[in-house]
Amino acid sequence: MAKKITVLLALLFGLLNLKAQDIPVANTPAKVYKIAIFSPLYLDSAFFGTFYKYGKVFPKFVQPGLDFVQGAQIALDSMPLPAGTFQTNIYDTKAEKENIAWLISNKKLDSVDLIIGSVKDLELIQLASFAKQKNIPFISATSPNDGGIIANPFFIMVNSTLRAHCENIYSYLLQKHGTDKIYLCRKKGGQEDKIADYFKTLNEADGKPLLTIETINFIDDYSIIKEKLDSNRNSIIIGGSLNEDFANSLVNSLYSLKETYPIEVIGMPNWDAFSELRKPTVKDFPVLYTASYYNGKTDMFSKKIQHTYLKKYKGNPSDMAYKGFEAVSLFARLMVKYPNDFMSHLNEAPFRLFTEFNFKPVYANRKAAMPDYFENKHLYFMRIFNGKVTKVW
């Protein structure tokens, strides 16, 4: 562990001195494509000058952004580039001085061909606005939030929005459970209101409901669900909340009824992070959820990442490293192949790695001539069962 921390600190220190500098790839090309990669590295928080503030401890808040950059660097080091090369700059989105606003105002990004970012909130909005102004494709690689962005055909979301997940769940219900009893279970809250509204809008798109979906509002007593169930009929339970306590309470309540009532539970996309659902106490009781990212980590690209990461950083890569690798490898090669028509080839198959994508234009106003953004609509149905997660659909 100490050796791994030493290696990671060396990398962080290197980024402290290399940030926003060029990382050349391959030989001298006929065409150089400039790529800006943004990730939260917290270099100013971790260092005071060249002095590392945390001693022998490596702060957890640094790891996700660092892993994303590490994956991106592995991709750049290994990418075959027969038709061009890149001039790649890495930017720390948490920099105190040379932040995104400073980079834009000082025209440091004006000549960029492609922006790839693991960003959210204000930073996402700043980069998306700049990308629209300069007609530069901006790949939002990890955030599931569209930031309220509209009329921006250069903004591309890899991680699907909550609305897209609800659309996918609804499509699944139409195909698999059109005659079953469906319950949308929720608690009080703003996010819960949004989820309920998404399902209502989808179900009543033609003015009348296609599926019978009953909403159950929980406060403290989760046992009330028992009154709704029928031992002779399948019941589909949608966990309409992102709250972990709610998810745990709902699943535990349903678990106690599984021997009597045929139940299928579908949760929200963040339920995969709820450790309670993977405990041995939840035995032989599957919980489904949707995900925009899936990697079985058995393909040659994943094995290469694992080997390189272990050799260079003395550890195992997290999903953020795979996402950084995939985002750079896929979209950088698309930029080389289609420099003048990048946006029309987002779904090009030959450069796919381990995740399937299906980018479609999103229109808040159906009459609008310009899409608000492009979003990955390909989602996986995952199953948590006896502590393990598998892809089921």
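Visitor: What should I know before I start?

Guide: The model is predicted, so to speak of local features we need pLDDT of at least 70, and side-chain atom pairs count only at pLDDT 80 or more, while totals for chains, interfaces and linings use all residues. Residues are numbered from 1 along each chain as its sequence is written, and side-chain values use heavy atoms, with hydrogens and water left out.

Visitor: What is the mean pLDDT of the protein?

Guide: pLDDT is the predictor's confidence in each residue, from 0 to 100. Here the mean is 88. A pLDDT of 70 or more is reached by 89% of the residues.

Visitor: Where does pLDDT stay under 50?

Guide: Residues 1-9 are one such stretch. Contact means heavy atoms within 4.5 Å. The model gives residues 1-9 18 contacts beyond four places in sequence. Residues 16-22 also have pLDDT below 50, with 15 contacts beyond near neighbours in sequence.

Visitor: How many helices and strands are there?

Guide: Both are DSSP runs, numbered from the N terminus: helices are H or I with at least four residues, strands are E with at least two. This protein has 10 helices and 17 strands. Now take its contacts with a separation of 6 or more: 71% of them join residues 24 or more positions apart.

Visitor: How many residues are buried, as a percentage?

Guide: Buried means under 20% relative accessible area, exposed means over 50%, and partly exposed lies in between (1.4 Å probe, protein chains only). Of the 393 residues in the protein, 50% are buried.

Visitor: Is Ser329 buried or exposed?

Guide: Ser329 is buried, because its relative accessible area is 5%. Ser329 sits in helix α10, residues 319-337. Setting aside residues up to four places away in sequence, Ser329 touches Ala75, Met79 and Leu353.

Visitor: And what about Thr215 in strand β10?

Guide: Strand β10 covers residues 213-217. Thr215 has a relative accessible area of 40%, so Thr215 counts as partly exposed. Beyond its neighbours within four places in sequence, Thr215 contacts Leu184 and Arg186. Thr215 and Gly240 are 25 residues apart along the chain, and their C-alpha atoms are separated by 9.4 Å.

Visitor: How many disulfides does the count give?

Guide: A disulfide is a pair of cysteine sulfur atoms within 2.5 Å. By that rule the count is zero. Look at two cysteines anyway. Cys166 is buried, at 0% relative accessible area. Cys185 is buried, with a value of 0%.

Visitor: How do I read pockets and cavities?

Guide: Picture a 1 Å grid over the protein atoms alone. A cavity is a set of points where a 1.4 Å probe fits but cannot get out. A pocket is an open set with protein on both sides within 12 Å along at least five of seven lines. Lining residues have an atom within 4 Å of a point. Grid points are joined across faces, edges and corners, and a volume is the space filled by probe spheres set on the points.

Visitor: What is the volume of the largest pocket?

Guide: About 1,700 Å³. Its lining has 49 residues, and Ser160, Thr161, Leu162, Arg163 and His165 lie nearest the centre. Elements giving two or more residues include α6 (162-176) and β13 (287-291). Helix α7 gives the largest share, five residues.

Visitor: Which residue classes line the largest pocket?

Guide: Ala, Val, Leu, Ile, Met, Phe, Trp, Tyr, Cys and Pro count as nonpolar, Asp, Glu, Lys and Arg as charged, and the others, Gly among them, as polar. The lining has 22 nonpolar, 14 polar and 13 charged residues.

Visitor: What lines the second largest pocket?

Guide: That pocket has a volume of about 410 Å³. Its lining has 18 residues, with Pro40, Ser118, Val119, Lys120 and Thr142 nearest its centre. Helices α3 (63-78), α5 (121-134) and α10 each supply at least two.

Visitor: How many cavities are there?

Guide: Searching the whole structure finds two of 30 Å³ or more.

Visitor: Which value of phi does Asn135 have?

Guide: Most residues other than glycine have a negative phi. Asn135 has a positive phi near 60°. Asn135 lies in the loop between α5 and β7 (138-140). Asn386 also has a positive phi, about 50°. The loop between β16 (380-385) and β17 (388-391) holds Asn386.
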